[in-house]
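Have the structure open while you go through them.

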Amino acid sequence: MDKAQQDALKKAAGIEAASLVTNGMVAGLGTGSTVRFLVDELGRRVTDEGLSFTGVTTSRRTQEQAESYGIRIVDIDDVDHIDVTIDGADEVDGNFNGIKGGGAALLWEKIVATNSDRVVWIVDESKVVDTIGRFPLPVEVIPFGAGHVIKRFEDRGYHPVLRKDAAGKEVRTDENNYVVDLHLGRIDKPEELAQDLITTVGVVEHGLFLNMVDKVIVGDPQGPRTLV
Ligand code: 5RP
């Protein structure tokens with residue numbers, strides 16, 4: 001599948017998911033290229049159909065895009081609930097275990113998802129896998145002492161790589177932390193790994209989202225299909 005085909009599938013999933021947002025709702029808006037299509041469609045509905053809802057975003061990037069359409073964005077602590085959050089994912093398996101954080105927004109994404117009544121992921125078909133782990137698992141790490149955390153991950157055989165941008169500078173998250181990508185190949189025991197990561201001092205959050213999603217909308221060449 002080339003990029004144009006993949007984008008078409010992402011767009012179809014994003015447009016399909018936009019219909020889940022209705023007037024008066026509080027909606028969590030994820031991050032990434034698939035979510036960009038979702039926000040484009042929500043923006044179109046705000047303009048063309050007078051859709052009115054409140055958004056909570058999982059990154060400054062998504063906030064900027066949403067606000068450019070006149071969508072009202074508030075701080076997560078200014079709402080008492082989030083009706084539905086729609087986000088992308090890097091991989092998802094048949095048990096709805098997934099990897100997120102390819103766009104370095106995993107911490108806010110997990111906080112928003114945890115505080116949402118419903119969570120929906122939008123993915124193209126290439127993201128649906130039998131076993132997660134081929135996509136490098138992002139881990140958000142405090143910069144202070146990050147070298148030691150990376151060493152620990154090396155000792156545990158996790159093949160960590162500190163994420164850098166094209167200029168060779170460490171990528172920073174919206175919380176100013178680093179991202180370390182673990183090249184695991186496959187993850188057979190995600191719960192055990194999640195427990196190991198989250199109890200490592202210096203780790204803020206990891207990109208394993210285990211059983212946190214209610215529905216996955218898959219962009220497929222035959223049209224979007226929904227997994228529940
Ligand atoms: C950002 C994420 C994204 O949702 C994930 O990387 C999918 O991105 P894309 O839609 O661009 O493939 O987790 O942190």
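1. First, the ground rules. This is a predicted model, where local features need pLDDT of at least 70, side-chain atom pairs count only at pLDDT 80 or more, and totals for chains, interfaces and linings use all residues. Residues are numbered from 1 along each chain as its sequence is written.

2. Overall build: the protein chain has 6 helices and 14 strands (DSSP runs numbered from the N terminus, with helices being H or I of at least four residues and strands E of at least two). Its C-alpha trace spans about 55 × 40 × 35 Å along the principal axes. The radius of gyration is 17 Å, which agrees with the value near 17 Å for a compact globule of 228 residues (taken over C-alpha atoms, the rule being 2.2 Å times the number of residues to the power 0.38).

3. Of the 228 residues, 45% count as buried (20 or more other C-beta atoms within 10 Å of the residue's own; exposed is 12 or fewer, partly exposed in between, with C-beta atoms placed from the backbone). Among contacts with a separation of 6 or more, 75% link residues 24 or more positions apart (contact: C-beta atoms, placed from the backbone, within 7 Å).

4. Helix H1 (residues 3–18) packs on helix H2 (residues 33–49) at about 45°, axes 8 Å apart (lines fitted to C-alpha atoms over the stretch in contact, with angles from 0 to 180 degrees between N-to-C directions). That makes H1 oblique to H2 (under 35 degrees is roughly parallel, over 145 roughly antiparallel, 65 to 115 roughly perpendicular, the rest oblique). Residues making the contact include Ile15 and Ala18 of H1 and Phe37 and Leu38 of H2.

5. H2 also packs against helix H3 (residues 60–68), at about 20° with axes 9 Å apart. So H2 is roughly parallel to H3. Val35, Arg36 and Val39 of H2 meet Thr62, Gln65 and Ala66 of H3.

6. Check Ala104: its phi is near 65°, positive in a residue other than glycine. Ala104 sits in the loop between strand S6 (97–99) and helix H4 (106–114), and counts as buried because it has 23 C-beta neighbours inside 10 Å.

7. His159 is not a glycine either, yet has a positive phi of about 50°. Its loop runs between helix H5 (146–155) and strand S9 (160–162). Buried or partly exposed? With 14 C-beta neighbours inside 10 Å, His159 counts as partly exposed.

Conventions. Two residues are in contact if their C-beta atoms, placed from the backbone, lie within 7 Å.
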